Amino acid sequence: MPFIVGQIYNRVADIHRVYGGQQRSGIITPADTPIIFLISGEEGHEHGYVDRWRPDGVFEYFGQGQIGPMEMKSGNRAIVDSWQTGKAIHLFTSVNAGLRYEGELVYERHHYERAPDRRDEIRDAIVFELRRVDDVADHLDGVEPITPNEEIDLAELRRRAFAAAEPTPERVPANRTAFARSRDVRDYVLARAGGDCEHCRREGPFERANGTRYIECHHVHRLSDGGADSPCNVIGVCPDCHRHAHHGFDRVAFNQLLTARLAEVEPRRRRQRQP
């Protein structure tokens with residue numbers, strides 16, 4: 001079901017009956033669908049949640065936990081892991097008529113704030129910093145990709161891309177924004193493709209300003225294209241194959257073909273224990 005920004009939806013009929021998930025939580029994580037629903041609204045203020053948009057386009061969303069310090073588990077952990085799992089984050093604002101859809105967001109980082117809980121006792125609250133997927137995609141459209149050379153080879157681009165897929169504050173410097181991490185993944189995937197579609201093997205249709213053939217990135221495990229993901233979920237394709245993946249009558253079967261092809265060009269890495 002496509003959600004339209006600004007449209008009002010019914011939580012029970014349009015979310016839980018279709019996708020399932022927790023019925024009383026502000027963070028809904030359906031078991032069988034790669035989606036995370038976030039519900040924001042003024043009623044959360046009584047529990048110490050003060051969600052807000054920042055001037056730089058970041059939405060600060062308070063995590064789960066009404067009493068005592070918030071813990072990095074359940075829905076909170078799902079938001080942090082969304083970069084690697086490929087789960088799409090959809091934000092709704094609670095209004096009198098129902099839930100107003102605000103759009104798809106991507107996790108950038110999180111921080112902790114001292115804030116009151118439901119008992120009005122001060123505790124550590126987790127605040128997630130999220131950006132609109134479209135903002136990240138639009139930003140990348142205006143930046144030419146890096147191509148491998150003597151200083152930055154394919155192996156180094158791959159290392160950066162997989163590092164970007166694990167964006168926890170403990171392992172990523174503060175200046176590694178969603179824009180920067182998205183670019184790391186995009187640069188590696190395009191360099192891996194080498195100017196040829198990774199599905200149909202045809203050369204990109206024209207030459208970029210930097211001399212490389214034009215290829216696009218497609219996220220095979222996301223509900224919408226754009227933002228960032230693991231290199232294991234992103235394939236470099238020509239514009240024809242990209243539109244086919246999104247608009248073809250057989251797009252489900254076609255994306256299965258792309259997924260199989262991606263497994264050949266980018267075998268999944270086993271997650272290594274962090275020191």
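Is Trp53 buried, partly exposed or exposed, and what is its relative accessible area? Trp53 turns out to be partly exposed, at 37%. The close-ups below come from a predicted model.

**View 1. Phe3 and Tyr19 pair up across the chain.** Thirteen is the count to keep in mind here: a search of the whole structure finds 13 aromatic pairs. One of them joins Phe3 and Tyr19, a tilted pair with 6.3 Å centre to centre and 40 degrees between the planes. The two partners come from distant parts of the chain, 16 residues apart. Phe3 sits in the segment before strand E1 (8–9), while Tyr19 belongs to helix H1 (residues 11–19). Both are tucked away: Phe3 counts as buried at 14% relative accessibility, and Tyr19 counts as buried at 15%.

**View 2. Trp53 meets Phe59 in a tilted pair.** Here the ring centres are 4.7 Å apart and the planes stand at 50 degrees, so the pair is called tilted. Trp53 is partly exposed, whereas Phe59 is buried, with a relative accessibility of 4%.

**View 3. Ring pairs build a cluster.** Back to Phe3 and Tyr19: ring pairs link these two with Tyr9, Phe37, Phe92 and Tyr101 into a cluster.

**View 4. Aspartates make a negative surface patch.** Now for some charge. The patch is made up of Asp134, Asp135, Asp138 and Asp141. Take Asp134 as a way in: this residue lies in helix H3 (residues 133–141). Asp134 counts as exposed because its relative accessible area is 53%, and the cut-off for exposed is over 50%.

How values were computed
Residues are numbered from 1 along each chain as its sequence is written. This is a predicted model: local features need pLDDT of at least 70, side-chain atom pairs count only at pLDDT 80 or more; totals for chains, interfaces and linings use all residues. Side-chain values use heavy atoms; hydrogens and water are left out. Patches are made of residues with over 30% relative accessible area and no salt bridge: like charges are joined within 9 Å, nonpolar side chains (Val, Leu, Ile, Met, Phe, Trp, Tyr) within 5 Å. Accessible areas come from the Shrake-Rupley method with a 1.4 Å probe; for residues, only the protein chains shown count as cover. A salt bridge is a side-chain nitrogen of Lys or Arg within 4 Å of a carboxyl oxygen of Asp or Glu. Lys and Arg count as positive and Asp and Glu as negative; His and the chain ends are not counted. The place of a charge is taken as NZ of Lys, CZ of Arg, CG of Asp or CD of Glu. Helices (H or I, at least four residues) and strands (E, at least two) are DSSP runs, numbered from the N terminus. Buried means under 20% relative accessible area, exposed over 50%, partly exposed in between (1.4 Å probe, protein chains only). Rings of Phe, Tyr and Trp (its six-membered ring) pair if their centres lie within 6.5 Å; planes under 30 degrees apart count as stacked, over 60 as edge-to-face and the rest as tilted.
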